[in-house]
Amino acid sequence: MSLGRLISKATKGTSKFMKGLSLKHLEDQPAILPLITFNTPDAVNSWRLISDEVYGGKSKAKFFFEENPKRAVFEGDLSLECPPGLARSGFVATTSPDNAVPDELEEYDALRIKIKGDGRIYTFNIKQESKIPNQLFQYYFTTDVDKWVDIDIPFNQFFLTSDGMLQELNQPFVWRDIENIGFLLSQRKDESSGINAEYGDCDHFESIVAANQQLSHTLIPH
């Protein structure tokens with residue numbers, strides 16, 4: 001399947017601000033398992049930021065705690081201006097601390113993110129322990145403009161990439177040996193605002209939880 005078709009499939013019916021991430025659970029377990037809740041400064045300040053500045057790009061990002069209501073805010077500017085010797089530029093990302101989530105979640109088969117966005121396409125990243133440094137499992141999702149939504153991500157919808165290139169996946173993604181998780185926003189063409197595109201105070205995150213798709217959606221509290 002092409003990367004374009006993966007994006008199209010993954011972004012149907014999804015929505016940008018982020019409140020949380022969760023997993024659905026089996027019937028003999030709690031309905032959800034909270035993984036990360038962005039409800040304190042420490043929960044947010046421990047996340048790392050990375051952008052194309054690492055190789056001379058001009059994009060900038062901030063990830064900080066907002067008290068009322070309690071949530072994480074992801075904001076900054078994307079720039080397509082390329083440093084010498086590079087063909088493209090334009091990304092910002094935020095990543096959890098290492099070992100911030102359980103290594104194994106055998107009872108679960110999906111994630112749930114609580115987010116309020118700006119209509120852009122975002123990428124959720126999962127990095128497992130690996131000898132390949134830039135290998136990630138990824139999932140694309142869209143966001144609704146200025147509207148809180150829950151985004152469910154089944155584990156079997158993640159695809160494997162290495163240095164941003166789609167890789168052949170010999171087996172479905174299994175949640176184990178997780179090093180970190182995070183979010184990515186990238187841009188590959190100029191938008192109406194020009195070479196620099198603000199994503200401003202639109203990206204908010206509340207929580208991330210684990211879930212099991214066998215349970216009714218109504219079992220997952222909002």
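Residues are numbered from 1 along each chain as its sequence is written, and side-chain values use heavy atoms, with hydrogens and water left out. Because the model is predicted, local features need pLDDT of at least 70 and side-chain atom pairs count only at pLDDT 80 or more, while totals for chains, interfaces and linings use all residues.

Seven strands form an open sheet in the order β3-β6-β13-β8-β9-β11-β12, with antiparallel pairing. The edges are β3 (48-51) and β12 (165-166); each has a single partner strand, so one side of each is left without a neighbour in the sheet. Strands are DSSP runs (E, at least two residues), numbered from the N terminus, and two strands pair if DSSP finds at least two bridges between them. Five antiparallel bridges join β6 (residues 91-95) to β13 (residues 178-186). Ala93 has Leu184 in β13 as its bridge partner.

The structure holds nine salt bridges, each a side-chain nitrogen of Lys or Arg within 4 Å of a carboxyl oxygen of Asp or Glu. Among them are these:

| Pair | N to O distance |
|---|---|
| Asp98 and Arg48 | 3.2 Å |
| Arg71 and Glu66 | 2.7 Å |
| Asp118 and Arg120 | 2.9 Å |

Relative accessible area classes a residue as buried under 20%, exposed over 50% and partly exposed in between (1.4 Å probe, protein chains only). Asp98 is partly exposed at 37%, and Arg48 is partly exposed at 38%. Arg71 is buried at 12%, whereas Glu66 is partly exposed at 24%. Asp118 is buried at 17%, and Arg120 is buried at 14%.

Notes:
Helix = DSSP H or I, 4+ residues; strand = E, 2+ residues; numbered from the N terminus.
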